Amino acid sequence: MMEAPSMPGNVAQDPYAPPPPARERPWRNPFPVGGRLRRTIRPTATSAFGAKEENPFRTGVDPAAAESAAFVLRAIWIRHLENSMPAMGREPTQPATTWLQSALEELEEIDREVLEDGLPAISTRTKGEAARILRELAGRTIPPTIYPTDDGELVIHFQSPGVPAAVLIELSNDGQGAWFSSIRGRNRRLRSDDSSDLPDAVVMAQLEALAAEPGA
Amino acid sequence: MMPLPPLEALPELTQDEQLGRSIVGSQAARKARTKGVIIRNVFLEAEGAPSLSVDRMDHATLNKIALLGRKRAQNRTPPRHLHGWAVITVGKAASNRRTVEATPQPDNIYHADISLNIVGDEARDQQKGHATELAARSRWLDLP
């Protein structure tokens with residue numbers, strides 16, 4: 001009787017055994033480096049060699065670094081699979097991201113609104129900053145409305161109709177940026193000399209709180 | 001012009017009384033109508049202005065308040081048009097250190113002021129903070 005072929009580190013397998021049912025078959029890991037390291041090198045290093053002895057099987061590859069690299073590759077692979085999957089089963093529309101297009105269209109209207117109400121002009125740079133912030137926030141909070149002010153600023157105003165709370169991001173032609181929030185009667189604000197600092201972590205937290213308000 | 005009641009005829013302010021801030025900017029009216037949002041500009045006066053003018057909406061017909069508002073808008077430089085109001089209660093207008101006082105005028109018995117009572121530095125940003133809150137807590141009211 002022939003001996004069943006064996007694989008290092010694994011138990012002998014019966015070549016005639018029926019394959020496991022499809023549902024029970026584990027998902028093949030395309031990057032099993034970390035798994036092998038965990039099963040083989042680490043136990044060897046800890047069991048066969050003392051703490052201060054040199055491991056002759058270590059050839060310059062740090063197991064922790066290899067594991068980390070495998071983790072990154074696995075994440076890239078999963079993202080690739082997600083992106084290449086058909087859109088079946090997904091929501092037909094994603095409101096959180098679709099407001100970007102209408103917000104950018106509203107931003108394009110700002111010069112007309114400036115003329116209409118006789119307000120100071122908004123610079124191209126300021127409008128560019130607004131577009132950058134809108135792209136960064138798209139899908140992360142409620143839809144905004146955009147308008148120019150009497151002081152020559154551009155405001156990105158986040159508020160749901162009927163909800164008495166708002167977060168405003170204000171961009172000035174001199175490059176400054178600020179945000180103002182009013183949620184549950186508490187007012188907060190922060191000004192920055194450089195609008196590229198926005199949106200910062202605090203205003204993101206304010207926007208999350210705003211989106212969590214009842215009715216938002 | 002309809003006659004106005006005597007100055008002393010209006011009762012004391014109450015917390016639930018409605019105050020109307022005239023909306024004379026076309027974009028502010030459009031955003032209120034189409035998006036249901038009162039923009040901050042409505043409650044932001046010029047830098048250094050200590051208070052905001054409002055009308056006491058509960059003591060006259062909307063037509064009468066609109067007549068006064070149209071006249072006031074026409075007298076601005078440049079002349080503007082009244083599109084509607086941002087309405088807020090006295091209680092909400094008088095929070096966060098603000099105060100509300102009835103300030104009747106010879107041509108507008110319904111006039112009141114929301115005082116911002118700003119102290120300390122960054123006065124303009126404080127003004128903007130108050131305007132943000134007042135706008136967020138008010139609601140749109142169209143012309144009759």
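Predicted model: local features only at pLDDT ≥ 70, side-chain atom pairs only at ≥ 80, totals over all residues.
**View 1. Gly36(B) lies in the loop between α1 and β2 (51-56) of chain B.** Leaving aside residues up to four places away in sequence, Gly36(B) touches Pro161(A) and Gly162(A) of chain A, and Lys31(B) of its own chain. Gln127(B) is 91 residues away from Gly36(B) along the chain, and the C-alpha atoms of these two residues are separated by 23 Å.

**View 2. Chain B and chain A meet in a contact made of 25 residues from chain B and 32 residues from chain A.** About 2300 Å² of area is buried between the two chains, and carbon and sulfur atoms give 42% of that area. Between chain B and chain A there are 12 salt bridges, and one salt bridge joins Lys128(B) to Glu170(A), with 3.1 Å between the closest N and O atoms. Across the interface, 22 residue pairs are in polar contact, with both residues at pLDDT 80 or more. On the side of chain B that touches chain A, α1 (26-35) and α4 (123-137) of chain B each supply at least two residues, and α4(B) gives the most, with 9 residues. Sorted by class, this side of chain B has 11 charged, 9 polar and 5 nonpolar residues.

**View 3. Gln27(B) is found in helix α1 of chain B.** Gln27(B) counts as buried because its relative accessibility is 2%, and the limit for buried residues is under 20%. Apart from residues up to four places away in sequence, Gln27(B) touches Ile39(B) and Asn41(B) in chain B, and in chain A it touches Glu113(A), Glu116(A), Asp117(A), Leu119(A), Tyr147(A) and Pro148(A).

**View 4. The largest nonpolar core has 32 residues, and Leu134(A), Leu154(A), Ile156(A), Phe158(A) and Ile169(A) touch the most other members.** Among the elements of chain A that give two or more residues to this core are the helices α3 (95-108) and α5 (124-137) and the strands β2 (153-158) and β3 (166-172). Not counting residues up to four places away in sequence, Leu134(A) has contacts that include Trp99(A), Leu100(A), Ala103(A), Pro144(A) and Ile156(A). A second, separate core has 30 residues, including Ala112(B), Ile114(B), Leu116(B) and Ala131(B).

Note on methods. Residues numbered from 1 in each chain as written. Chains lettered and ligands numbered in written order. Heavy atoms only, no water. Contact = heavy atoms within 4.5 Å. Buried area = accessible area lost by both parts, 1.4 Å probe. Salt bridge = Lys/Arg side-chain N within 4 Å of Asp/Glu carboxyl O. Polar contact = N/O pair within 3.5 Å; in protein donor to acceptor, adjacent residues only side chain to side chain. Helix = DSSP H or I, 4+ residues; strand = E, 2+ residues; numbered from the N terminus. Nonpolar A, V, L, I, M, F, W, Y, C, P; charged D, E, K, R; others polar. Buried < 20%, exposed > 50% of the residue type's maximum accessible area, 1.4 Å probe, protein only. Core = buried A, V, L, I, M, F, W, Y, C linked by side-chain atoms within 4.5 Å.
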